[in-house]
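Here are a few exercises to work through with the model open in your viewer. Try each task before you read its solution.

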Amino acid sequence: MVFGPASPLGVSLFEETPPLELIPGRSEEEVETVIRAVYRQILGNAYVMESERASIPESQFKRGELSVREFVRALAKSDLYRTRFFETCPRYRFIELNFKHFLGRTPDGLEEMRAHSTILDTQGFEAEIDSYLDSDEYQNAYGEFFVPYYRGYKTQPGRNMVGFTHMFAMLRGASSSDLKGSISGKEPVLNKYVIQETPLAVIPPSGGVAGEGWSFQDTPVGSRTRHGVGASDEGKVYRIEVTGYRSPGKVNRVSKFRRSNKVYLVPFNKLSQEYQRIHKQGGVISSITAV
């Protein structure tokens, strides 16, 4: 069986679903599939009534007058998106959801949050949407014709481990939505954790074996601490469980046997270094929890 890097954490559906691209000459049925995928991604898997749909942009898209990126822009600037995520959510919840919906990741530190907060203050809602869709990152990741997809949960060389753990706090699984996917409700999920660049515990899905369930548990509020040799200044130590190691050259293949798992106890200030070491050796992280 082939496992993706995040399969043991309950996001195998995202891992196993290839990115959708609008190719010229596609059938009406295939275009409808792309439209559904855009709604699902941009609205965070929330249910949409027929009366709420962006009928005019949909028609323009079907006629080939809009690229995928411009259809995403139209939906993001619609009254539907505005009322669900802008007018009824605190500012930093809105910003973290924008990162998730449009760039497929979480904010990377205080400066990104501050920059987008400034855009909202000085230029307003529509300029904030444009700042993601007109960015080099969006173009490099999706271009004009790919539907945006979640990227932040993937272990990537050079990627900060903090953002990796944050994505699992935001990505609650394939059957939940950004309106009802967390006990935090409409309050920011990350906020201080982004500002302080603090990693969060990565917990396998509840309600079944890791990789088979779909709804992520929320991170415990507090954690026990350990003082002495190996502890950080904050006294926190984290347990990293690695499900298996890929052989060099065999992409996405890891051992399915539990006996290959390894567990590491790592102080807070060594987390990022250990994460990169495990990734370099081909390891797949199953969970990161405070001990």
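This is a predicted model: local features need pLDDT of at least 70, side-chain atom pairs count only at pLDDT 80 or more; totals for chains, interfaces and linings use all residues.

**Exercise 1.** Decide whether Val266 is buried or exposed, then find its contacts.

*Solution.* Start with the accessibility: Val266 comes out at 5% relative accessibility, so it counts as buried (under 20% relative accessible area; exposed is over 50%, partly exposed in between, with a 1.4 Å probe and protein chains only). Now list the contacts (heavy atoms within 4.5 Å): leaving out residues up to four places away in sequence, Val266 touches Val237, Tyr238, Ile240, Leu271 and Glu274. Finally, check Ala290: it is 24 residues from Val266 in sequence, and the C-alpha to C-alpha distance is 9.5 Å.

Residues are numbered from 1 along each chain as its sequence is written, and side-chain values use heavy atoms, with hydrogens and water left out.

**Exercise 2.** Work out how helix H4 packs on helix H8.

*Solution.* Two packed helices are described by the angle between their axes and the distance between the axes. For H4 (residues 68–76) and H8 (residues 125–133), the angle is about 155 degrees and the axes are 10 Å apart (axes are lines fitted to C-alpha atoms, for helices over the stretch in contact, and angles run from 0 to 180 degrees between N-to-C directions). That makes H4 roughly antiparallel to H8 (the label for angles over 145 degrees). On the H4 side, Arg69, Val72, Arg73 and Ala76 make the contact; on the H8 side, Phe125, Ile129, Asp130 and Leu133 do.

**Exercise 3.** Which residues touch the most other members of the largest nonpolar core?

*Solution.* A nonpolar core is a set of buried Ala, Val, Leu, Ile, Met, Phe, Trp, Tyr and Cys residues joined through side-chain atoms within 4.5 Å. The largest one has 42 residues, and Val38, Phe61, Tyr81 and Phe102 touch the most other members. By helix, H2 gives the largest share, seven residues. Then look for a separate core: another one lies apart, with 10 residues, among them Val266, Leu271, Ile285 and Ile288.

**Exercise 4.** Is Glu58 buried or exposed?

*Solution.* Glu58 has a relative accessible area of 8%, so it is buried. It belongs to helix H3, residues 55–62. Beyond residues up to four places away in sequence, Glu58 touches Ile35, Tyr39, Arg53 and Phe71.

Definitions and conventions. Helices (H or I, at least four residues) and strands (E, at least two) are DSSP runs, numbered from the N terminus. Angles under 35 degrees count as roughly parallel, over 145 as roughly antiparallel, 65 to 115 as roughly perpendicular and the rest as oblique.
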